Amino acid sequence: MSAPIRVRFAPSPTGFLHVGGLRTALYNYLFAKHHGGAFVLRIEDTDQSRKVEGAIENLIQTLQWAGIDFDEGPGKDGSYGPYIQSERLNLYRSHAEQLIKAGKAYFCFCSPERLDEVRKKQQAMKLPPSYDRHCRDLPKEESDARVAKGEPHVVRMKVPIGGELTFTDRIRGKVTIAHKVLDDQVILKSDGFPTYHLAVVVDDHAMAITHVIRGEEWLPSTPKHILLYQYFGWDQPEFAHLPLLLNPDKSKLSKRQGDVAVEDYRTKGFLKEAIVNFIAFLGWNPGDEREIFSLEDLVKEFSLERVGKAGAVFNVEKLTWLNQQHIRLRPSTELARDVRNLVQQKGWQVPEDAYIIRAVDLMKERVTFVWDFVEFSGYLFVDPETFDPDARAKSWPDGAAERVKALTDRLEQLTSFTHASIEEALKKLAEELNVKAGQIVHPTRYALSGRSVGPGLYEMMEVLGKDTVIRRMKSALEKLD
RNA sequence: GGCCCUAUCGUCUAACGGUUAGGACGUGGCCCUCUCAAGGCCAAAAUACGGGUUCGAUUCCCGUUAGGGCUACCA
């Protein structure tokens with residue numbers, strides 16, 4: 001029996017959750033759930049200078065909003081905690097010491113200034129910048145003494161001088177990198193905190209992570225991690241490096257060229273269903289022509305084998321289309337809840353739920369964002385204050401007033417006010433006046449909503465109700481006179 | 001600069017040696033229609049380039065080009 005699958009999402013708490021981060025989290029989650037495994041959230045806060053207040057809470061909150069639940073993580077202890085690296089410092093220190101004892105790592109006393117100088121010289125000579133291994137072969141007695149004296153130092157891992165390292169990536173296949181292009185990487189900083197490279201290996205092993213699914217930017221440093229696994233004598237996990245998310249100009253997705261925080265899209269009114277669906281398809285597809293997927297669908301279908309290798313441009317237009325699709329899939333009762341809040345925010349009188357649901361059904365197939373319900377068809381909730389001046393010429397031509405007046409009279413006499421009875425009355429009137437139905441329909445819509453566009457008139461009138469319809473038509477006749 | 005990764009319509013992508021290179025978004029047109037959407041139909045639109053391998057390359061190999069990533073006591 002093979003070990004249960006365990007994956008993790010390991011962001012550093014430096015601000016808002018990036019959409020690229022959300023996708024990494026999502027793929028990890030999908031992979032875990034698809035295989036009945038565990039999804040772990042681990043916070044990589046080993047850089048104290050980059051810490052941002054409230055970032056962890058924000059991260060967790062955004063993940064939860066998206067529906068990506070973690071099985072273990074901060075505030076959700078499994079048997080592998082703590083899940084915040086700054087609370088695991090002893091672990092890293094003891095492991096660094098273990099490596100030093102084994103001769104796989106060493107103390108380095110080089111000052112940042114010296115390193116800077118070395119780097120500058122190398123660049124001047126057009127050599128690839130890398131640590132010159134100045135402290136690598138210091139006698140043990142000397143370095144131990146200097147440490148004991150309290151001299152500032154870091155710990156560096158020893159990378160073999162010659163040879164190369166080949167590993168298999170689940171997405172990219174075999175990748176080979178020569179040892180000589182690898183630095184003797186710092187694994188423990190002078191402040192006693194580990195660098196990413198040590199912490200990620202120690203924790204992934206300690207937390208029994210079986211698959212490391214992360215962004216492509218980690219591909220070049222993976223050999224260092226594998227070396228560490230070998231030094232510790234541990235089995236290494238499988239690696240899968242995801243393609244990057246790109247700006248429209250194909251550079252790495254960044255601020256400057258639009259929004260990158262999940263939060264931004266959320267406040268823009270995108271549904272979590274649309275965002276999750278969209279992001280899942282940036283680098284993955286089910287292999288057939290379906291493309292509207294719920295999170296549950298994705299769990300069912302996801303596989304690493306169908307993840308592509310090339311970067312994907314984050315293209316908002318398709319996301320917008322998906323938002324429209326998912327709005328139509330949402331139960332009207334749920335949408336009505338959101339709409340009620342928006343109506344309240346507008347300061348309008350909040351109608352009863354049944355009415356809101358009918359209004360939602362009327363507009364559901366015509367909106368892209370939830371607030372279109374109130375921005376685009378606010379007249380369903382409040383009498384129009386203005387009449388679109390640009391539409392007036394077309395929607396309120398000569399003779400419109402007479403026809404609307406005549407229709408008002410007919411409607412007042414209706415005992416049953418349904419779209420069918422309204423349509424019948426209007427068509428009959430049109431026939432009698434010898435005009436096309438449209439010549440009454442358009443002015444009436446304009447009178448009722450102040451707009452030239454909207455849902456089917458008869459259905460709209462039924463939802464509005466007789467009293468409102470008559471009131472607005474009379475009022476419009478005065479205002480538009 | 002060095003190393004690594006990548007390369008199909010504008011964009012997301014399908015095709016895992018043999019297809020008229022398929023779908024979706026977006027764009028244009030038509031239909032439907034009381035308007036706007038939605039929906040339906042149609043159209044324009046791609047294998048970066050050059051060499052191989054093969055009876056046959058989008059597909060495999062090499063090179064070129066382009067893009068990206070990495071090259072910190074950041075992750």
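Reader: Among contacts in chain A between residues at least 6 apart in sequence, what percentage join residues at least 24 apart?

Author: Two residues are in contact if their C-beta atoms, placed from the backbone, lie within 7 Å, and among such contacts in chain A between residues at least 6 apart in sequence, 76% join residues at least 24 apart. This is a predicted model, in which local features need pLDDT of at least 70 and side-chain atom pairs count only at pLDDT 80 or more, whereas totals for chains, interfaces and linings use all residues. Residues are numbered from 1 along each chain as its sequence is written, and chains are lettered from A and ligands numbered from 1 in the order in which they are written.

Reader: How many helices and strands does chain A have, and is the chain compact or spread out?

Author: Helices (H or I, at least four residues) and strands (E, at least two) are DSSP runs, numbered from the N terminus, and in chain A they come to 20 helices and 11 strands. The radius of gyration is taken over C-alpha atoms, and the globule rule is 2.2 Å times the number of residues to the power 0.38. For chain A the radius is 32 Å, well over the 23 Å that the rule gives for 481 residues, so the chain is more spread out than a compact globule. Along the principal axes, its C-alpha atoms fill a box of roughly 110 × 55 × 35 Å.

Reader: Which domains does the assignment give, and how far apart are the C-alpha centres of domain 1 and domain 3?

Author: Domain bounds come from an automatic or database domain assignment, which here gives domain 1 (88-242), domain 2 (332-376) and domain 3 (389-479). The C-alpha centres of domain 1 and domain 3 lie 76 Å apart.

Reader: Which residues touch the most other members of the largest nonpolar core?

Author: In soluble globular proteins, nonpolar side chains tend to be buried together. A residue is buried if 20 or more other C-beta atoms lie within 10 Å of its own, exposed if 12 or fewer, and partly exposed in between, with C-beta atoms placed from the backbone. A nonpolar core is a set of buried Ala, Val, Leu, Ile, Met, Phe, Trp, Tyr and Cys residues joined through C-beta atoms within 7 Å. Of the 110 residues in the largest such core, Leu26, Ala96, Leu198, Ile279 and Val339 touch the most other members, and helix H1 (residues 19-34) gives the largest share, 9 residues. Leaving aside neighbours within four places in sequence, Leu198 is in contact with Tyr92, His95, Ala96, Ile187, Leu188 and Leu228.

Reader: Why is H9 described as largely enclosed, and where is Phe281 found?

Author: H9 is largely enclosed by the rest of the structure because 8 of its 9 residues are buried, Ile279 being one of them. Among the elements that cover these buried residues are H1, helix H2 (55-66) and H11. Phe281 is found in the loop between helix H9 (272-280) and helix H10 (295-301), and it counts as partly exposed because it has 18 C-beta neighbours inside 10 Å.

Reader: How many residues surround RNA strand B, and which element gives the largest share of that surface?

Author: A residue is near a strand if its C-beta atom, placed from the backbone, lies within 6 Å of it. By this reading 64 residues surround RNA strand B, the closest being Glu44, Val186, Lys252, Ala310 and Gly456, and H18 gives the largest share of the surface, 5 residues. Helix H19 (457-464) is among the elements that give two or more residues to this surface, and H19 is mostly covered, with 6 of its 8 residues buried.
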